[in-house]
Amino acid sequence: MSLFIHSAAQAHAPYVVLSSGLGGHASFWNPQIKALQQNFHVVTYDQEGCHADSELLPTPYSVDHMARQILDLLISHDIHEFHFIGHALGGHIGMQLATYQIDKAFKLLSLTMLNAWGELDVHTQKCFQARTSLLLNSGTEAYVRAQALFLYPPQWISTHIDQLTEAENKQLLDFPPISNVLARLQAVQAFKLNAEHRQALKDIPVHLLANQDDFLVPYQRSQQLQQCLPHCHLSLLDTGAHASTVTETDQVNQLILSFLISS
C-alpha cells in the first residue's frame, strides 16, 4: 500500500482521506485533490493488491482487511482525526472504519459515500458476475475494455474515447494478479451494513451522494442506505453515472466541500 499526502496551505487544516472503489488506485481521486486542498490536507492511497507487482492477497479477504490496513497506515503517519470519503467499495471501508473508533483511539469526523450500498442489489451482483466471467473466460483485456460501460454515461464515453483508451492501455500494463481482482470482487459483494455499523455511525455526520443514471449501482440503494442511517444527508444527481467524480467533477466537488465544511 502507498499513501500520498497533498498538503493544504494551512498547516493546521484537518485531514480528509479518499478511498477508491474496486480499482483501488489513488489516482481515481485526481479530479478532487486541488478543490479539497483549499481547506484540507488530502490523503489518497493505493489499496493493497492493485498493481501488477502486488503480492497475492490472503484468502479469505474482506472489507475488514481493507479498513484495518488503511487505519494502521494513517496512524503510522500520526493521522488520528480525519474525514473519510469513499467511492462504492471505499464507502464500505469507511463504514467498517467507524466500528473501530473506541478500540483504536481515533476520530472519524464525517463519512461521505458515493454510489455505495448497505446491501448488494441483485442487478449489481449480475454486473459483477458478468465482469468476473469476462475476466475468467475472455481475459484481462476484455475485462478492462468493458469496464467503462459500468462506470460512465454513454455520451461521456463517446466524447472521451481517446482519453479513455489511453487510460485502459495503462491499466492493462499494470493489471494486478487475477486472484487479487477476484478476491476484491468477492469482498465487495460480501459486505453488508449491520447493527454494529449503524450504532457506530449514529453520531457521525454522513453524506450520501448518488447518480440516477448509475448503471452499476441503482441509486435506490443510496435511498435505502439513508433509511438505515436516518440522520444522513443524501445528494441525488441526475447524471454522471457510477464514476461521477470524473464525469461531473465540478458539481461533485462542490457538494463534497459544502458538506465537509459544514460538518
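Here, buried means under 20% relative accessible area, exposed over 50%, and partly exposed in between, computed with a 1.4 Å probe on protein chains only. The model is predicted: local features need pLDDT of at least 70 and side-chain atom pairs count only at pLDDT 80 or more, while totals for chains, interfaces and linings use all residues. Residues are numbered from 1 along each chain as its sequence is written, and side-chain values use heavy atoms, with hydrogens and water left out.

**Stop 1: helix H5**

Select residues 122-138, which form helix H5. Helices (H or I, at least four residues) and strands (E, at least two) are DSSP runs, numbered from the N terminus. Colour Val122, Lys126, Leu136, Asn137 and Ser138: these exposed residues lie on the face of H5 turned away from its buried side. Now colour the buried residues of H5, which are Thr124, Cys127, Phe128, Arg131, Thr132 and Leu135. They are on the same side of H5 because they cover an arc of only 135° around the axis; the arc is that of the directions from the helix axis to the C-beta atoms.

Show helix H6 (140-151) and helix H9 (178-190), which are included in what covers the buried residues of H5.

Next, look at the ends of H5. Asp121 caps the N-terminal end, with a side-chain oxygen 2.8 Å from the backbone nitrogen of His123. Just after H5, Gly139 has a positive phi of about 105°.

**Stop 2: His197**

Select His197, in helix H10 (residues 195-201). His197 counts as buried because its relative accessibility is 3%. Which residues does His197 touch, not counting residues up to four places away in sequence? They are Met95, Gln96, Thr99, Phe191 and Lys192, where contact means heavy atoms within 4.5 Å.

**Stop 3: the sheet**

Select the seven strands of the open sheet, which run in the order S1-S3-S2-S4-S5-S6-S7 with mixed pairing. Strand S1 (2-6) and strand S7 (233-237) are at the edges with a single partner strand each, so one side of each has no neighbour in the sheet. Two strands pair if DSSP finds at least two bridges between them. S1 and strand S3 (residues 41-46) pair in the antiparallel sense over five bridges. Within S3, Asp46 is the bridge partner of Ser2.

Methods:
The expected span of a helix is 1.5 Å times one less than its number of residues. A polar contact is a pair of N or O atoms within 3.5 Å; within protein, one must be able to donate a hydrogen and the other to accept it, and residues adjacent in sequence count only if both atoms are side-chain atoms.
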